[in-house]
Amino acid sequence: MSHPVTQKEPERTTHLRPPEPARDRDEGVPIPLHDSRFIVTLGFLAILLLTLATVSITIYQLRSANQKVNRLIDQSSQKLELVYAMRASLQHHIDSLYNAIHEPNRWLRPHHRLDFIRYFQQFQGDLDRFANQALSNTEHERLEQISQAALRVHPEAEAIMAALLEDPAADQLESLTGRAGTGQRIVLPLLDQLIQQVKRETRHAIGTSRDNYNNTERFLFWLTALLLLISLGIAYLVIRQTTDRNRQIFHQATHDSLTHLINRQEFERLIDSAVIHCRDQQQRHTLLYLDLDQFKVINDTCGHVAGDAMLRDLTAVINFCLRKGDILARLGGDEFGILLHNCTLAPSTHVADQLLEAIRNFRFVWGSKAFTVSASIGIYPIDATTADSTTALSAADTACYTAKDTGRNRYHIFDASNRELEQRFSEMGWVNRLTEALEQERLCLYFQPITSLAGEQGNNRHFEVLLRLKDKHAGIISPATFLPAAERFGLITTLDRWVVNRTFDWMNHHARFNSQFGMISVNLSGHSIGDPALLRLITERLADAQFPAKCLCFEITETAAISNIDRAGEFISALRKLGCHFALDDFGSGLSSFAYLKQLPVDYLKIDGSFVRDMIKDPQDFAMVKAMNQIGQIMGKQTIAEFVECQDTAERLKSIGVDFIQGYYPGRPQPLTIRNLIRSNRLTRQRAQPAPQAELALAPG
């Protein structure tokens, strides 16, 4: 910030009338002042005092307005937290009732009744605390409606709970289930309305406060200007400081603090403006998405201070290659965006070539080390058909990834007709959807039984947990749709952690039904194998688990295990020492399956379903399945055949000694609930198939 310059007050010439003769005090005539400089000084001091008072009042009023806005935000946050707490307590209250309804053991229902009472007491406590907040009339009315509705609904819920303790018949349970939903349909919508009302009241109050703030600011500005007209120097200082501060705030909001380039938010706004110009004025622009190659090497070798210094130097190199009027922005990390105004596709490729050459010739020296870098550039032409900045940046980013995949140190032009680009573009859309799903808790767990062919009963149950995504438009989405995008863009480890945590939570919550679990298999991706953080997470969760570690079986694919053979072996060995089991999934899909099998200490081999599905009709598939089963048995590992869809396939697999089967014939995937799990075990027994000895792959749910 530049420092303001203090200006001298210009000298003023004051013309005074000749002094009149002195008069007696009794005549009421003021005593004459003979020194004109004293009058000027006194006037200046009076103006200075008024100025200081005005500035003090201004600061006080503006600070008060800011404090008022902050108080409103704090009050709103407290009220929203209480409403959400009320909603959560009421939801748990209703869930306790449903759990009691679906509890097959009547002696366990009193436990649900205790939860039922406790959550309602929490709801009442939150309701009372909310009532003590500063509420508007509308909020008071909403709160009164919720309170009255809760008082109407709760006796009915208590009556249902009392009826459940008397062990009603099955047809009565259906009736109680219908009655239990009444409270949810009445009170929860009222809570949602209260949440929206609190948000509306807050927006209105903050808007009013900000208007008052702006009005106060304008009034005080003119008052200050009026009082400071005589003292231009002081007025100049105040205005200069205010202007500099606003400029600094605006700069910080729109620019990157490291390189001082515009940031992503401002860049998106400029792209949207360019799109509008393309439609209104038939202009054409080009967007470049530049990503430095192997920039992480410098950060890892010399530290982030060196990386920051290099980014600042590269900013100057990139700027040198651009035309006047082109816009360069830092999008984050080592990624830059360039908007070439009034530039068609052909000239933009020349700019890209110049950028690649300049970056390639750049040498960064840090201490005794010298580094060279290169870049990959995605090019996207902006025209009247471009939807908005999000579409343009996603397309340019997709083209940039293609440039990296095809060798780096080059550019690639986005082509909507390119199937590979179209697939990657679609996958990038899945990244946003998965991120939102994780934030909004729209992932869930399903399970599929794995049935034993040996005819053994008891603890020989085996299940695999499966991940699903709940979409408001498409319903339940299979992981085959979104896992490729998650793997490509680095979200797969986050999903694995989610599945592991939710599986442990579910098993701990239903620990009293561990006789129904058998063995539970959890799928892990190749990116998670050998991840020290994930290994640490599993170890910590096992230490506090309410079930034995031998109940867990982690599934890893053959291709992932082979690509990380050393890390996979260490990961497997560490968890096997704690009692966990491991299964090698999709066995037979790799080119060297048998060669690598001896290096992986797994307990189960899951024969790739592509061989199992048609083994009855295809002798080659049958021979492959038979060979994989024999080698597995020789090495002391149990085998599981996937994609078993009919009884004939199951019988043929049993005849060659396969231990377990999995597929639509033994059971389709279904939501992971204790009720579904018990029903699945019952159907398995009724089908006269021995209960499987144990694998359950966990999925979130």
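In which element is the place of proline 449? In this predicted model, proline 449 belongs to strand β8. With a relative accessible area of 3%, proline 449 is buried. Leaving aside residues up to four places away in sequence, proline 449 touches His462, Phe463, Ile661, Gln662, Pro666, Gly667, Arg668 and Ser680. The C-alpha atoms of proline 449 and glutamine 670 lie 9.5 Å apart in space, although 221 residues separate the two in sequence.

For the protein chain as a whole, 22 helices and 17 strands are assigned. The chain has 701 residues, of which 45% count as buried. Among the contacts between residues at least 6 apart in sequence, 74% join residues at least 24 apart.

Helix α3, residues 137–165, has 29 residues. From its first C-alpha to its last, α3 reaches 42 Å, close to the 42 Å expected at 1.5 Å a residue. The buried residues of α3 are Glu139, Leu143, Ile146, Ala149, Ala150, Val153, His154, Ala157, Ile160, Met161 and Leu164.

Helix α9 comprises 17 residues, 345–361. At 1.5 Å a residue α9 should span 24 Å, and the distance of 25 Å between its end C-alpha atoms agrees with this. Buried in α9 are Ser348, Thr349, Val351, Ala352, Leu355, Leu356 and Ile359. Viewed down the axis of α9, these buried residues fall within an arc of 160°, so they line one face of the helix. The partners against which the buried residues of α9 pack are the strands β1 (285–293), β3 (335–340), β6 (374–382) and β7 (411–413), together with helix α8 (304–320).

Helix α8 also holds threonine 315. Threonine 315 has a relative accessible area of 6% and therefore counts as buried, the limit being under 20%. Beyond residues up to four places away in sequence, threonine 315 touches Thr259, Leu261, Leu328 and Phe336. Of the elements that pack against the buried residues of α9, β3 spans residues 335–340, and Phe336 is one of the residues that threonine 315 touches.

Most residues other than glycine have a negative phi. Arginine 408, by contrast, has a positive phi, near 65°. Arginine 408 is placed in the loop between α10 (389–405) and β7. Its relative accessibility is 31%, so arginine 408 counts as partly exposed. Glutamate 441 is likewise not a glycine and has a positive phi, of about 55°. The loop between α11 (419–439) and β8 (443–452) contains glutamate 441. Glutamate 441 counts as partly exposed, with 42% relative accessibility.

The second largest pocket has a volume of about 1,100 Å³. Its lining is made up of 38 residues, and those nearest its centre are Glu464, Leu466, Pro479, Asn523 and Asp585. Two or more lining residues come from each of the strands β9 (462–471), β11 (519–524), β12 (552–557) and β13 (581–587), and from the helices α12 (479–488) and α13 (492–509). By residue type, the lining of the second largest pocket divides into 18 nonpolar, 12 charged and eight polar residues.

Asp585 is among the residues nearest the centre of the second largest pocket and is also touched by glutamate 642. Glutamate 642 is found in the loop between β15 (638–641) and α21 (647–655). Is glutamate 642 buried or exposed? Its relative accessible area is 9%, and glutamate 642 is therefore buried.

Aspartate 566 lies in helix α17, residues 565–576. The relative accessible area of aspartate 566 is 57%, so this residue is exposed. Aspartate 566 is 36 residues from glycine 530 in sequence, and their C-alpha atoms are 8.7 Å apart in space.

Key. Residues are numbered from 1 along each chain as its sequence is written. This is a predicted model: local features need pLDDT of at least 70, side-chain atom pairs count only at pLDDT 80 or more; totals for chains, interfaces and linings use all residues. Side-chain values use heavy atoms; hydrogens and water are left out. Helices (H or I, at least four residues) and strands (E, at least two) are DSSP runs, numbered from the N terminus. The expected span of a helix is 1.5 Å times one less than its number of residues. Buried means under 20% relative accessible area, exposed over 50%, partly exposed in between (1.4 Å probe, protein chains only). The arc is that of the directions from the helix axis to the C-beta atoms. Contact means heavy atoms within 4.5 Å. On a 1 Å grid over the protein atoms alone, a cavity is a set of points where a 1.4 Å probe fits but cannot get out, and a pocket is an open set with protein on both sides within 12 Å along at least five of seven lines; lining residues have an atom within 4 Å of a point. Grid points are joined across faces, edges and corners, and a volume is the space filled by probe spheres set on the points. Ala, Val, Leu, Ile, Met, Phe, Trp, Tyr, Cys and Pro count as nonpolar, Asp, Glu, Lys and Arg as charged, and the others, Gly among them, as polar.
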